[in-house]
Amino acid sequence: MADREGERPPIPEALPVPIVDAHTHLDACGAKTAADVVEMVDRAAAAGVGRVVTVADDLAAAQWAARAATWDPRVFAAVAVHPTRTAAFTDADRGLVEELGRRPRVVAIGETGLDYYWDYSPPEAQHEAFRWHIDLAKRVGKPLMIHDRDAHEDIYRILLEEGPPEKVVFHCFSGDAEFARRCVDHGWVLSLAGTVTFRNAKALRDALAVIPNCQLLVETDAPFLTPHPFRGRPNEPYCAAYTLRALAQFKGVSVETLGAEVAANAERVFDLPRTTDGEPGGRGA
């Protein structure tokens with residue numbers, strides 16, 4: 001497959017029910033203009049991925065994501081400053097994130113949290129920014145979308161110390177079954193990406209077994225984490241269809257049943273219009 005590393009996976013057959021890619025980065029996938037966004041979301045819709053949440057990791061991406069969410073009714077946004085970018089997080093930065101976070105088509109505050117894998121931002125700065133984002137999510141009444149890399153216990157501790165928002169989403173959940181059980185007990189929602197399909201992901205599949213369907217989301221984190229058997233090739237929102245089919249297989253349920261459940265979860269968590277209400281739209285620009 002080495003000669004195909006730069007080639008996108010094929011678009012799979014459409015899912016029997018439309019789902020939501022709960023976490024993607026359309027800008028990092030190459031989208032710049034409104035036409036680019038429409039083209040990318042059209043590809044997703046062809047695979048049965050009817051809507052996407054495009055997520056920011058810095059201030060420029062946050063401004064772009066908030067604009068992109070007004071270019072197509074199938075696109076929503078989440079805004080925050082990624083933990084690896086919090087070494088210098090000023091009052092002006094906070095003001096901009098808050099202004100964007102209050103916009104109607106911004107449906108979550110994220111991705112925020114802790115990242116102990118990369119050494120780009122000191123833990124103390126990450127902790128302070130994480131606590132601020134938790135407070136912001138509560139003040140604007142939107143879900144908190146968490147980035148957790150090698151930081152499970154500190155994420156858990158800080159959430160409990162600050163008091164979590166009503167809705168908490170662990171994006172690209174990476175914990176084991178015991179950590180998943182603790183998160184589930186708090187009512188938090190766990191979003192799984194293509195990593196669950198990797199051959200070496202037994203611990204993550206064990207965690208999946210303890211996650212109730214009503215607390216499960218599916219995402220791509222595109223352009224990263226392309227699901228097996230296309231690992232290493234460029235990811236896009238349409239690839240959430242591959243992951244959804246794998247999740248259904250692992251859980252021993254039909255694709256239609258699980259697809260309907262994760263779609264309903266995304267609508268509930270992000271306060272999206274129900275697909276049965278007609279054309280997927282939003283809360284206005």
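Buried means under 20% relative accessible area, exposed over 50% and partly exposed in between, with a 1.4 Å probe and protein chains only. Helices (H or I, at least four residues) and strands (E, at least two) are DSSP runs, numbered from the N terminus.

## What you are looking at

This is a predicted model, where local features need pLDDT of at least 70 and side-chain atom pairs count only at pLDDT 80 or more, while totals for chains, interfaces and linings use all residues. Residues are numbered from 1 along each chain as its sequence is written, and side-chain values use heavy atoms, with hydrogens and water left out.

## A covered strand

Let's start with strand E3, residues 75–79, where five of five residues are buried. Val-75, Ala-77 and Val-79 point one way from E3, and Phe-76 and Ala-78 point the other way.

What sits beside E3? Strands pair if DSSP finds at least two bridges between them. Strand E2 (residues 49–55) runs parallel to E3 and is joined to it by four bridges, with Thr-54 standing opposite Ala-77. Strand E4 (residues 106–115) is also parallel to E3, with three bridges between them; there, Ala-78 has Ala-108 as its bridge partner.

## Helix H5 and its cover

Over in helix H5 (residues 152–162), the buried residues include Ile-155, Tyr-156, Ile-158 and Leu-159. An α-helix has 3.6 residues a turn, so residues three or four places apart point the same way.

Which elements cover the buried residues of H5? Among them are E4, helix H4 (123–140), strand E5 (144–149), strand E6 (168–170) and helix H6 (177–185). After H5 comes Gly-163, with a positive phi near 85°.

## The open space

Now for the gaps. On a 1 Å grid over the protein atoms alone, a cavity is a set of points where a 1.4 Å probe fits but cannot get out, a pocket is an open set with protein on both sides within 12 Å along at least five of seven lines, and lining residues have an atom within 4 Å of a point.

The largest pocket holds about 870 Å³ of space. It has 30 lining residues, and Asp-115, His-147, Arg-149, Asp-221 and Leu-225 are the closest to its centre. E4, E5 and helix H7 (202–208) each give two or more residues to this lining, and E5 has the largest share, with three.

## The enclosed space

There is one cavity of 30 Å³ or more, and the largest cavity holds about 40 Å³. Its lining is made up of Asp-148, His-152, Phe-170, His-171, Cys-172, Phe-173, Ser-174 and Gly-175.

Note on methods
Contact = heavy atoms within 4.5 Å. Points joined across faces, edges and corners; volume = space filled by probe spheres on them.
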